[in-house]
Amino acid sequence: MLKKGVMLTIALILLLSLIACSTHVHTVGRGPQTGQEVQARQWYILWGLVPINTVDTYQMVAGATDYEIKTEQSFLDVVINFFTSSVTVYSRTVTVKNNPTIREPWKTLHYFLRS
């Protein structure tokens with residue numbers, strides 16, 4: 001019984017360490033100073049080889065010059081993948097953090113045109 005508990009603990013630690021390795025962060029400009037966060041889910045089939053949908057990070061950034069893009073396999077993705085991996089469907093979360101003052105560039109342009 002004790003040996004089974006130790007093996008389960010080791011397996012859980014290995015599983016959690018693998019999840020942390022699948023996070024990628026890309027900082028553009030000065031990064032997000034303060035701001036809004038937008039999330040989308042990217043879906044793949046055939047063990048992650050073929051994307052099903054396209055997450056448009058350019059649209060998520062919405063004209064900001066300082067932002068951060070993070071792609072990760074969150075806890076929710078792990079739960080989803082547990083159930084969908086048998087049919088080779090996997091997901092990842094894409095998060096964009098940007099500065100809300102630059103979020104709507106047409107308002108900035110309108111301000112300059114009025115002056």
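In what order do the strands form the open sheet, and is the pairing parallel or antiparallel? The 5 strands follow the order 1-4-5-2-3, and their pairing is antiparallel.

## Basis of the report

The structure is a predicted model, in which local features need pLDDT of at least 70 and side-chain atom pairs count only at pLDDT 80 or more, while totals for chains, interfaces and linings use all residues. Residues are numbered from 1 along each chain as its sequence is written, and side-chain values use heavy atoms, with hydrogens and water left out.

## Overall organisation

The chain has 4 helices and 5 strands; helices (H or I, at least four residues) and strands (E, at least two) are DSSP runs, numbered from the N terminus. Along the sequence, these elements follow the pattern α-β-β-β-α-β-α-β-α.

Of the 115 residues in the chain, 23% are buried. Here, buried means under 20% relative accessible area, exposed means over 50%, and partly exposed lies in between (1.4 Å probe, protein chains only). Contact means heavy atoms within 4.5 Å. Among contacts in the chain with a separation of 6 or more, 74% join residues 24 or more positions apart.

Strands of a sheet pair through backbone hydrogen bonds, either parallel or antiparallel. In this report, two strands pair if DSSP finds at least two bridges between them. Strand 1 (24-28) and strand 3 (50-51) are the edge strands, each pairing on one side only.

Strand 4 (residues 67-72) pairs with strand 1 over 5 bridges in the antiparallel sense. In this pairing, V28 stands opposite Y67 and H24 stands opposite T71. Strand 4 also pairs with strand 5, again in the antiparallel sense, over 6 bridges; I69 stands opposite V96 there. Because 5 of its 6 residues are buried, strand 4 is largely enclosed by the rest of the structure.

Helix 3 (residues 75-84) lies across strand 2 (36-45), strand 4 and strand 5 (89-98), and runs at about 160° to strand 5. Such angles run from 0 to 180 degrees between N-to-C directions, with axes as lines fitted to C-alpha atoms, for helices over the stretch in contact.

## Salt bridges

Side chains of opposite charge can pair when their charged atoms come close. The structure holds 4 salt bridges, each being a side-chain nitrogen of Lys or Arg within 4 Å of a carboxyl oxygen of Asp or Glu. One of them joins R30 and D66, whose closest N and O atoms are 3.1 Å apart. R30 lies in the loop between strand 1 and strand 2, and D66 in the loop between helix 2 (57-61) and strand 4, so the pair ties together parts that are 36 residues apart in sequence. R30 is exposed at 61% relative accessibility, whereas D66 is buried at 8%.

Another salt bridge joins R41 and D77 at 2.3 Å, N to O. This pair links distant parts of the chain, with R41 in strand 2 and D77 in helix 3, 36 residues apart. R41 is partly exposed at 24% relative accessibility, and D77 is buried at 0%.

## An exposed tryptophan

W47 lies in the loop between strand 2 and strand 3. With 57% relative accessibility, W47 counts as exposed. Leaving aside neighbours within four places in sequence, W47 is in contact with T88 and Y90. The C-alpha atoms of W47 and S91 are separated by 9.8 Å, although these residues are 44 residues apart along the chain.
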